[in-house]
2 protein chains.
Amino acid sequence: MTLHSPHGAALLSLVLVFVPAKLLGALCERLRLPALVGQILAGILLGPHLLGWLTPNETVRLLGELGVLFLLFEVGLEVKASELLQVGRTALGVAVAGVVAPFVLGWGLAELWGEPRLEACFIATAMVATSVGVTAQVLAARGLLEERASKVILAAAVIDDVLGLIILAAVTGLAGGGLNLLDLALTAAIGLTFPLLFARFGSRVMRWAVPRLRSKLGLAEAEFSIALILLFSLSLLAAYAGIAAIVGAFLAGLALSEAVERRVHDLTRGVSELLVPFFLVGIGLQLDTGAFATWRTAGLTAAIVVAAVASKLFGCGLAALRLGRRDAARVGVGMVPRGEVGMVVAQIGLGLGVMAPTAFGVIVVMSILTTLIAPPALLLVYRGVPAPAPRPA
Amino acid sequence: MTLHSPHGAALLSLVLVFVPAKLLGALCERLRLPALVGQILAGILLGPHLLGWLTPNETVRLLGELGVLFLLFEVGLEVKASELLQVGRTALGVAVAGVVAPFVLGWGLAELWGEPRLEACFIATAMVATSVGVTAQVLAARGLLEERASKVILAAAVIDDVLGLIILAAVTGLAGGGLNLLDLALTAAIGLTFPLLFARFGSRVMRWAVPRLRSKLGLAEAEFSIALILLFSLSLLAAYAGIAAIVGAFLAGLALSEAVERRVHDLTRGVSELLVPFFLVGIGLQLDTGAFATWRTAGLTAAIVVAAVASKLFGCGLAALRLGRRDAARVGVGMVPRGEVGMVVAQIGLGLGVMAPTAFGVIVVMSILTTLIAPPALLLVYRGVPAPAPRPA
């Protein structure tokens, strides 16, 4: 009896990812921890360094990449663009502080540990970009997206992503020997105007376009098809423009949030329930215990983790202080997770040969730990917010 | 400006598959043809032999394989197991006739064309298994699953799939030089008892188990998570047992159809709206114009296509004659599409080296053409059935 079916290998990955993710997620919920903590832990548990049942493979990677797009799209659907723009100025301050503080602190620490200059650059860059997916998932699951601090976090995290990618482009240029300033300026210009234009006008365009397209298409679930087409197109466009695909996915959701019926939310929820566990388990699978191989790297890891948490917590928190101390704390905590973004930067550094495998391991551990710490901390600082009415199920 | 993002290549495939599939689907609906015809045509159009924009790749393959699982799962959810068992005896007759007639006719034709014995065997086997996915999609989209003929088609196609896979196991054994009768008997025994047991008792077990598991899990969308876990597990189990994963997916849906709330149907719909186009476009992408390279192979192709249609139409139709001529015609037409199953058989034959690339091309063309012919023909023979009330949207 072997796997006669061509589905076999992919199916095995599906079962191995989905079942433990849901079980550990349920266990965490029971312990009053966010379910996603359990899902990341499932990845660590199954991964090459513990049980060894699952290594990062093509199936998990692809479904995880799709999953994070749907996660951001779904969050965008729940938020009104106009409300994000209202907190725009505060969010910009938070984002800039959230980029400068970790970059400076990360660079300083890496230099202190005697890492080469370029490697220090990459470590610092990996500490910059917030993983909005993780925070957004926690806030959405608890119905907290309507809070003012949540909107600041979302807007700041998107700006942060764009700033982080501009820095990445610069650092990658340096590593390649030539920093093309024209290219960099172009990426920066597109990266900053594209989201702004979409947040400003996307919703109006879609409220006009969706009903017309829907009747033109005449398909069952036409609105959902239109939504998916916008999601894929904007994600692709964002990727081509040198900013993250997830930014495009978020903007697609944002543009549609006032244009589509509740049914589109429900259908999107089906997809994200299926795919998001692959994103979260995929994060856990990356854990690299090499980061603790020697006292020296273990020390660097500890220092980098502390710096990663402190720089966002205080950097972003101070920048949001005008919202009051409670909201400032929420914003600070919400910006802590680095998730997959830090790992992507580290992977590029590794690929370019300017980052050693140990430094890669350090960044991966930093990304995972910040991502595990933030969700329970978020629930703590959001304590006392009245639970919203449950969504129609 | 290049694809900086790791999502880039997969995203491009998403856009290239999804957008044309939906547009051509909408065009077909406007021409009163089933949307899925347009989606398969989109695959042919984009594929290597026409526009050449898309070649079958890992992303399309994986999402398509998942898509057909969700398609069968969704169909299972809409059907009551007890009603399928009621038509069981008729369905068994239809399935057996639908296996014997195409196998004999296909073998005879291939021998007549002077193909080697083993290759003739593989051609005949590829003509056996009905692609239930295509017929089910048409019937579900038009709300025709409640009709008696539809239930016979579904039950017969599942039995057919199992019989086809037993024959495939036998033929593969022959090609490998050793036909292990014990293995074959085991596959046959499992393949026939597993679906029967599930259809008979699955629903009762799930009606008991789902409410208990739901309250134990305590997750948001817990019922959908349970459904997905059953779907993946049964599909994997079916694949391990040597019967098709899609049979497992269908049985999972069947077992849950009376145990879950409407919400699970809606969430499943979201996933299938996303993934099924990849399955259908993937079928079209396989088109191999080599099947028309010479007059001899073009003749064989034409003969095989005619035999493939006629053998199912008359074989299954005659076996269902006791239902009356109208239902017999519906059953005959509904069993015609070969879709992906024929192609899988041909791929195995190609991999074993007993099937020449031209014969492979012939089977692929046969699979695609039967799949394109059946849906409009189905609508024709189902004419006059009153349209059901639209589902709550």
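Visitor: Before anything else, what does "in contact" mean here?
Guide: Two residues are in contact if their C-beta atoms, placed from the backbone, lie within 7 Å. Please also keep in mind that this is a predicted model.

Visitor: Is B:Ala319 buried or exposed?
Guide: B:Ala319 counts as buried, because it has 26 C-beta neighbours inside 10 Å, and the cut-off for that word is 20 or more.

Visitor: How far is B:Ala319 from B:Ile166?
Guide: Their C-alpha atoms are separated by 21 Å, and the two residues are 153 residues apart along the chain.

Visitor: What does B:Thr187 touch, then?
Guide: Apart from neighbours within four places in sequence, B:Thr187 is in contact with B:Ile166, B:Ala169 and B:Gly242. As for B:Leu165, which is 22 residues away along the chain, its C-alpha atom is separated from that of B:Thr187 by 8.9 Å.

Visitor: Let's zoom out to the two chains. How are chain A and chain B related?
Guide: Chain B can be laid on chain A by a turn of 180 degrees with a shift of 0.0 Å along the axis, and the RMSD is then 0.0 Å. That is the relation of a two-fold axis.

Visitor: How many residues does each chain put into the contact?
Guide: There are 55 residues from chain B and 55 residues from chain A in the contact.

Visitor: Which elements of chain B are on that side?
Guide: The elements giving two or more residues to the side of chain B that touches chain A are helix H1 (8-30), helix H3 (58-77), helix H10 (222-240) and helix H12 (262-285) of chain B. The largest share of that side, 13 residues, comes from H1(B).

Visitor: What classes of residue are there on that side?
Guide: By class, the side of chain B that touches chain A has 32 nonpolar, 13 polar and 10 charged residues.

Visitor: And why can one say that the copies meet through the same surface?
Guide: Because 100% of the interface residues of chain B are also interface residues in chain A, the copies meet through the same surface.

Visitor: You mentioned H10(B) and H12(B). How do they cross?
Guide: Their axes come within 9 Å and cross at roughly 60 degrees, and H10(B) passes H12(B) in a right-handed crossing. In this pair, B:Glu223, B:Phe224 and B:Ala227 of H10(B) meet B:Arg263, B:Val264 and B:Leu267 of H12(B). The residues of that contact divide into four nonpolar, no polar and two charged.

Visitor: Now chain A by itself. How many helices and strands does it have?
Guide: Chain A has 16 helices and zero strands.

Visitor: What size is chain A?
Guide: Taken along the principal axes, the C-alpha atoms of chain A fill a box of roughly 65 × 60 × 45 Å. The radius of gyration of chain A is 20 Å, which agrees with the value near 21 Å that a compact globule of 393 residues would have.

Visitor: How much of chain A is buried?
Guide: Of its 393 residues, 61% count as buried. Among contacts in chain A between residues at least 6 apart in sequence, 80% join residues at least 24 apart.

Visitor: Where is A:Ala291?
Guide: A:Ala291 is in the loop between helix H12 (262-285) and helix H13 (295-319) of chain A. With 25 C-beta neighbours inside 10 Å, A:Ala291 counts as buried. Leaving aside neighbours within four places in sequence, the residues in contact with A:Ala291 include A:Thr297, A:Thr301 and A:Thr358.

Terms used
Residues numbered from 1 in each chain as written. Chains lettered and ligands numbered in written order. Predicted model: local features only at pLDDT ≥ 70, side-chain atom pairs only at ≥ 80, totals over all residues. Least-squares fit on C-alpha atoms with pLDDT ≥ 70 in both. Helix = DSSP H or I, 4+ residues; strand = E, 2+ residues; numbered from the N terminus. Nonpolar A, V, L, I, M, F, W, Y, C, P; charged D, E, K, R; others polar. Axes fitted to C-alpha atoms, helices over the stretch in contact; angles between N-to-C directions. Left-handed = near helix turned anticlockwise from the far one by under 90°. Rg over C-alpha atoms; globule rule 2.2 N^0.38 Å. Buried ≥ 20, exposed ≤ 12 C-beta atoms within 10 Å, placed from the backbone.
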